[in-house]
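Colleague: I would like to go through this model with you. Could we take the helix packing and then the domains?

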Amino acid sequence: MMIYLELLWSFMKIGLFSFGGGYASVPLIQSQVVDLYHWMDMTEFVDIITISQMTPGPVAINCATFVGIRVGGIPGALVATFGCVLPSCIIVLTLAFIYQKYRNVPVIQGILGGLRPAIVALIASAGVSILQLSIYPRTDEAFRLQNIDWLAIVFFVLCFFILRKAKKLNPIFVMLGAGGVSLVLYLILKAAGIPFPFISA
Amino acid sequence: MKKDLRFYLRLFASTFTLSAFTFGGGYVMIPLMQRKFVDKFHWLEKEEMLDIAAIAQSSPGAIAVNAAILIGYRVAGLPGALISIIGTVLPPLLLLSVISYFYIAFKNSGAVRAVLWGMQVAVGAVIADIVLSMGMEVVKKKQWLPITVMLLSFAAVCVFGVNVMLIILICGAIGALTTLYSQRKGGKQA
């Protein structure tokens, strides 16, 4: 019983204090699950971050599930995930209520109007970092032309072209298609004995 | 908008699939949500989607979860919020539960990496597509202030690595001040 309470409390703290989303929450999670409670060691923690990069879903929820299962099985995963989303539920629902009620007040309109172009910029910069990760995965060395992943550029241009042309198409199909084509390519190259170029390590 | 069982199922299915395909952090979810809830279902307006993104970013917790709560609440009140939270949390919960049992094999599989690599590139294209549409929207209004804010924020995050929260605070303040200023002049709203 104690372990579930600890999981709940620990992940509530993570949910409450991780502002900014994404990898901003990684150090906080580390301080809780590795340093404070010793639920996993550093190698496992790095593994779980790697897997989080490879799989969909927020890093904090992924960690909650993984740690929860390790420590307390499926109930542990449920408790940890619940703890992780509870603080944002309460805070965001309050904000949602305020937004519905006051969104037409001129000053609130002004604030939201000022934020809109900034949010477009934030989404754009998230796009740039994802693109950089696939097109030029090696940032640790000086720039070299052969470190550019040309295959990623071809994939990107094709996907972008399809998305611009087929406005009604669900983008998830483009993502699934890209994953499928990439898999087929990998299998063909593997059969031919050539390594798949630049899968970001 | 009729709120029958089909509506709630649709909300659940949408948040579930969106969450299942949100590779690479919460911001990826915003363009996908825009395509689904604004362009396809017409449940929200374009500007509301950006407001939701702003509130989701400024609140604690995962952006994807926050945005889902806001959308659920906006279209169907508390039950809607509850359904979209469950829809958003379930895919990573299920997926990671499975992966946690054989994660070393998963991590080292070349085939898995190839699929994820292809999807990651496609996510980049999805974001580029929606950013182009959103950016055009801002530029089309031909007001110098929003265009400047957009370009400066982009440079601040991308080139100079400025903290995102700081940018949100400054841009919100700029918006509030310009409104107050134009109100004092007795003119129209900014």
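Colleague: At roughly what angle do the axes of helix 5 of chain A and helix 6 of chain B cross?
Modeller: Please bear in mind that this is a predicted model. The axes of helix 5 (residues 106–135) of chain A and helix 6 (residues 110–140) of chain B cross at roughly 155 degrees and come within 9 Å. Because angles over 145 degrees count as roughly antiparallel, helix 5 of chain A is roughly antiparallel to helix 6 of chain B.

Colleague: Is that crossing left-handed or right-handed?
Modeller: Helix 5 of chain A and helix 6 of chain B form a left-handed crossing.

Colleague: Which residues make the contact?
Modeller: From helix 5 of chain A, the contributors include Pro117(A), Val120(A), Ile123(A), Ala124(A) and Gly127(A). Helix 6 of chain B supplies, among others, Trp117(B), Gln120(B), Val121(B), Gly124(B) and Ile127(B). By class, this contact has 14 nonpolar and 5 polar residues, with no charged residues.

Colleague: Staying with helix 6 of chain B, how does its axis cross that of helix 7 of chain B?
Modeller: The axes of helix 6 of chain B and helix 7 (residues 144–158) of chain B cross at roughly 145 degrees and come within 8 Å. Gly135(B), Val138(B) and Val139(B) of helix 6 of chain B meet Pro146(B), Ile147(B) and Met150(B) of helix 7 of chain B. That contact consists of 5 nonpolar residues and 1 polar residue, with no charged ones. Gly135(B) and Val138(B) also belong to the contact with helix 5 of chain A.

Colleague: Now helix 3 and helix 4 of chain B: at what angle do their axes cross?
Modeller: Roughly 135 degrees, with the axes of helix 3 (residues 46–58) of chain B and helix 4 (residues 63–101) of chain B coming within 8 Å. Helix 3 of chain B is therefore oblique to helix 4 of chain B. The crossing is right-handed.

Colleague: Which residues are involved there?
Modeller: Helix 3 of chain B contributes Glu48(B), Met49(B), Ile52(B), Ile55(B), Ala56(B) and Gln57(B). On the side of helix 4 of chain B are Ile63(B), Asn66(B), Ala67(B), Leu70(B), Ile71(B) and Arg74(B). By class, the contact comprises 8 nonpolar, 2 polar and 2 charged residues.

Colleague: What is the overall make-up of chain B?
Modeller: Chain B has 8 helices and 0 strands. Its C-alpha atoms fill a box of roughly 65 × 45 × 30 Å along the principal axes.

Colleague: And the domains of chain B, what are their bounds?
Modeller: The assignment divides chain B into domain 1 (5–138) and domain 2 (141–190). The C-alpha centres of domain 1 of chain B and domain 2 of chain B are 27 Å apart. Their contact takes 7 residues from domain 1 of chain B and 8 residues from domain 2 of chain B.

Colleague: What does the assignment give for chain A?
Modeller: For chain A, the domain assignment gives domain 1 (2–102) and domain 2 (136–191). Their C-alpha centres lie 31 Å apart.

Colleague: Lastly, where in chain B is confidence lowest, and where highest?
Modeller: Confidence is lowest in helix 5 (residues 103–108) of chain B, at a mean of 75, and highest in helix 1 (residues 5–20) of chain B, at 92. The mean pLDDT of chain B is 85, and 95% of its residues reach 70 or more.

Note on methods
Residues numbered from 1 in each chain as written. Chains lettered and ligands numbered in written order. Predicted model: local features only at pLDDT ≥ 70, side-chain atom pairs only at ≥ 80, totals over all residues. Heavy atoms only, no water. Axes fitted to C-alpha atoms, helices over the stretch in contact; angles between N-to-C directions. Helix = DSSP H or I, 4+ residues; strand = E, 2+ residues; numbered from the N terminus. Parallel < 35°, antiparallel > 145°, perpendicular 65-115°, else oblique. Left-handed = near helix turned anticlockwise from the far one by under 90°. Contact = heavy atoms within 4.5 Å. Nonpolar A, V, L, I, M, F, W, Y, C, P; charged D, E, K, R; others polar. Domains from an automatic or database assignment. pLDDT = per-residue confidence, 0-100.
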